[in-house]
Amino acid sequence: MRTVNELQTIATQVRRDILRMVYAVKSGHPGGSLGCADFLTALYFKYMKHNPSTFELTGNQEDVFFLSNGHISPVFYSVLARSGYFPVEEMATFRKLNTRLQGHPTTHEGLPGVRVASGSLGQGISVAAGLALEKKLNNDNSTVWVLTGDGELQEGQIWEAVMFSKHYKIDNMIVTVDFNQKQIDGSTGDVMGITELSSKFLAFGWEVLEMDGNDWNSMDTVIPQAQAKLGQGKPIVIIMKTEMGQGVDFMMGTHAWHGKAPSEEQMNSAMAQLPVTELGDY
Amino acid sequence: MRKFEILGSKDTRSGFGAGLLEAGQADENVVALCADLTGSLMMDAFKDAFPTRFIQAGIAEANMMGVAAGLAIGGKVPFTGTFANFSTGRVYDQIRQSIAYSHTNVKIAASHAGLTLGEDGATHQILEDIGLMKMLPGMTVINPCDYNQTKAATIAIAKMNGPVYLRFGRPKWPVFISEDTPFVIGKALMLNEGTDVSIFATGHLVWKAIEAGHILAEKGISAEIINIHTIKPLDIDAVITSAKKTGCVVTAEEHQMNGGLGDSIAQLLALKMPTPLEMVAVNDSFGESGTPDELLVKYHLDSQDVADAAVRAIARKI
């Protein structure tokens with residue numbers, strides 16, 4: 001089991017990867033990626049039981065993760081590469097012609113670690129619930145994880161999936177909502193309020209936990225609590241508070257970095273705040 | 001003109017129901033989902049035989065498509081069932097991203113397609129679904145013509161890997177394809193060899209094309225009638241070979257001209273071998289309430305319309 005220090009080191013390198021990928025092609029989504037870097041590091045390097053070197057699309061007998069908010073592909077690609085799904089050098093091809101690392105994740109070019117395309121929002125919980133149901137039909141006791149944005153909860157399909165998951169007692173799935181309260185056009189409260197989120201999930205019959213996705217103590221408390229609730233007849237959601245742009249001072253506290261690349265000067269400032277780790281840049 | 005024995009009168013959706021049950025018996029990975037239309041889709045037999053493999057999705061088609069994609073990722077062969085309208089337009093983006101682009105092995109079973117849905121009217125009479133589905137890269141599009149062919153098509157698509165759109169209808173319709181006729185995906189079925197005009201028909205309009213063949217025979221016109229059950233991938237050789245032989249073409253379908261079978265064949269012939277072509281299809285219009293027979297007459301999809309189109313096509317031959 002990795003220590004918190006080791007995980008923090010990985011997360012710092014993941015943040016460097018995110019910014020270097022986005023900076024190289026002057027496009028992509030750094031804000032939400034940075035906010036979720038700690039959580040995805042925790043999942044891929046501590047909590048999920050998965051087989052990076054022998055990737056099978058079906059995910060039979062292993063824990064599976066779906067990224068519903070596909071625009072935060074930089075953080076997804078970094079944790080996949082760093083955990084061994086594909087060579088870290090391939091991150092240099094992000095968003096470039098003929099790459100497997102498309103702007104939004106896809107199975108189309110056969111990138112190991114990706115099981116469905118995402119990018120058009122609102123579809124991930126449905127797909128995850130389907131695979132979770134498939135695991136139940138096969139008596140496969142592994143867990144399906146799925147991450148959604150909070151703005152994404154404005155999509156109606158989300159609530160169809162939330163209703164479905166309770167009806168079918170999908171208790172082998174843990175949904176995490178990236179609750180950073182920001183979306184492209186501004187704060188979620190201003191754009192389209194998603195108020196009383198915990199109450200909404202509770203009213204749909206889910207187990208609801210709350211967590212700080214940028215605090216290792218909080219994650220090491222709440223993630224095991226969520227796992228302990230598996231198999232009890234209810235779907236599980238973790239409302240995960242994060243800071244968009246976490247780790248880079250000028251990217252925090254604003255929605256401005258949702259989908260924008262830094263300038264050279266900004267990049268230098270960001271890299272100075274995230275010193276290279278022993279893992280090394282790709 | 002070959003005589004076709006009418007083997008019965010059955011709805012194509014019942015062919016789907018029977019095929020689904022058989023596919024389920026043959027492969028335990030076959031599962032079925034339905035959005036609150038189990039009886040309409042004739043899925044009860046499957047549901048009763050395999051209750052744990054039947055998933056009632058409620059009136060939430062977008063989620064149903066995503067759940068089907070997830071089941072397919074794990075290795076199941078999911079069939080989704082709802083009306084053609086709710087199987088396509090309502091869930092186009094879900095199909096595009098989670099099924100077509102992700103190439104998940106989902107079979108989209110779409111009933112009550114076209115005008116012959118009848119009295120429910122235009123909200124439910126989708127005439128654009130073939131176009132929507134055939135535009136998606138990697139999507140196979142099949143529109144069988146009778147009970148037996150729909151049953152055979154259902155069994156065949158369960159065995160192939162990849163997304164499929166299977167379109168069928170509501171009304172009782174003549175059964176004329178024998179039970180033992182093999183269903184080969186992507187392979188056109190020659191129904192009547194002829195020399196003066198090629199009629200390419202799909203779905204319910206195949207029977208209308210056969211009736212038209214008799215009308216034409218009385219006028220001394222020899223019609224070649226070919227059943228295109230697989231609109232995508234289109235059997236290019238069958239179309240080119242027949243069009244070359246007869247020199248003119250009629251297409252017949254219960255769909256808009258835009259985006260349908262006629263559109264696919266017109267494109268093919270324009271690119272490879274320009275040939276006079278007439279289309280029997282709905283011309284940029286919504287449907288309306290009425291009986292199936294009344295609607296086919298009003299919207300010019302009846303056997304006489306197919307015969308008239310053949311005469312026009314022949315007149316355009318150089």
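**Reading the fold**

Author: In chain A, buried residues account for 51% of the 282 residues. Please keep in mind that this is a predicted model.

Reader: How many helices and strands are there in chain A?

Author: Chain A has 10 helices and 7 strands. Its radius of gyration is 18 Å, close to the 19 Å given by the globule rule for 282 residues, so chain A is as compact as a globular protein of that length. The C-alpha trace spans about 50 × 45 × 35 Å along its principal axes.

Reader: What is the strand order of the open sheet in chain B?

Author: In general, strands of a sheet pair through backbone hydrogen bonds, either parallel or antiparallel. Here the 5 strands follow the order β9-β11-β10-β13-β14 (chain B), with mixed pairing. β9 (189-192) and β14 (277-282) of chain B are the edge strands, each pairing on one side only. From one strand to the next, the twist averages 25°.

Reader: Which strand of chain B runs parallel to β10 (residues 197-201), joined by 4 bridges?

Author: That partner is β13 (residues 249-256) of chain B, where V249(B) stands opposite S198(B). Helix α9 (residues 236-246) of chain B packs on the sheet and touches β10, β11 (223-227) and β13 of chain B; its direction makes about 150° with that of β10(B).

Conventions:
Residues are numbered from 1 along each chain as its sequence is written. Chains are lettered from A and ligands numbered from 1 in the order in which they are written. This is a predicted model: local features need pLDDT of at least 70, side-chain atom pairs count only at pLDDT 80 or more; totals for chains, interfaces and linings use all residues. Helices (H or I, at least four residues) and strands (E, at least two) are DSSP runs, numbered from the N terminus. The radius of gyration is taken over C-alpha atoms; the globule rule is 2.2 Å times the number of residues to the power 0.38. A residue is buried if 20 or more other C-beta atoms lie within 10 Å of its own, exposed if 12 or fewer, and partly exposed in between; C-beta atoms are placed from the backbone. Two strands pair if DSSP finds at least two bridges between them. Axes are lines fitted to C-alpha atoms, for helices over the stretch in contact, and angles run from 0 to 180 degrees between N-to-C directions. Two residues are in contact if their C-beta atoms, placed from the backbone, lie within 7 Å.
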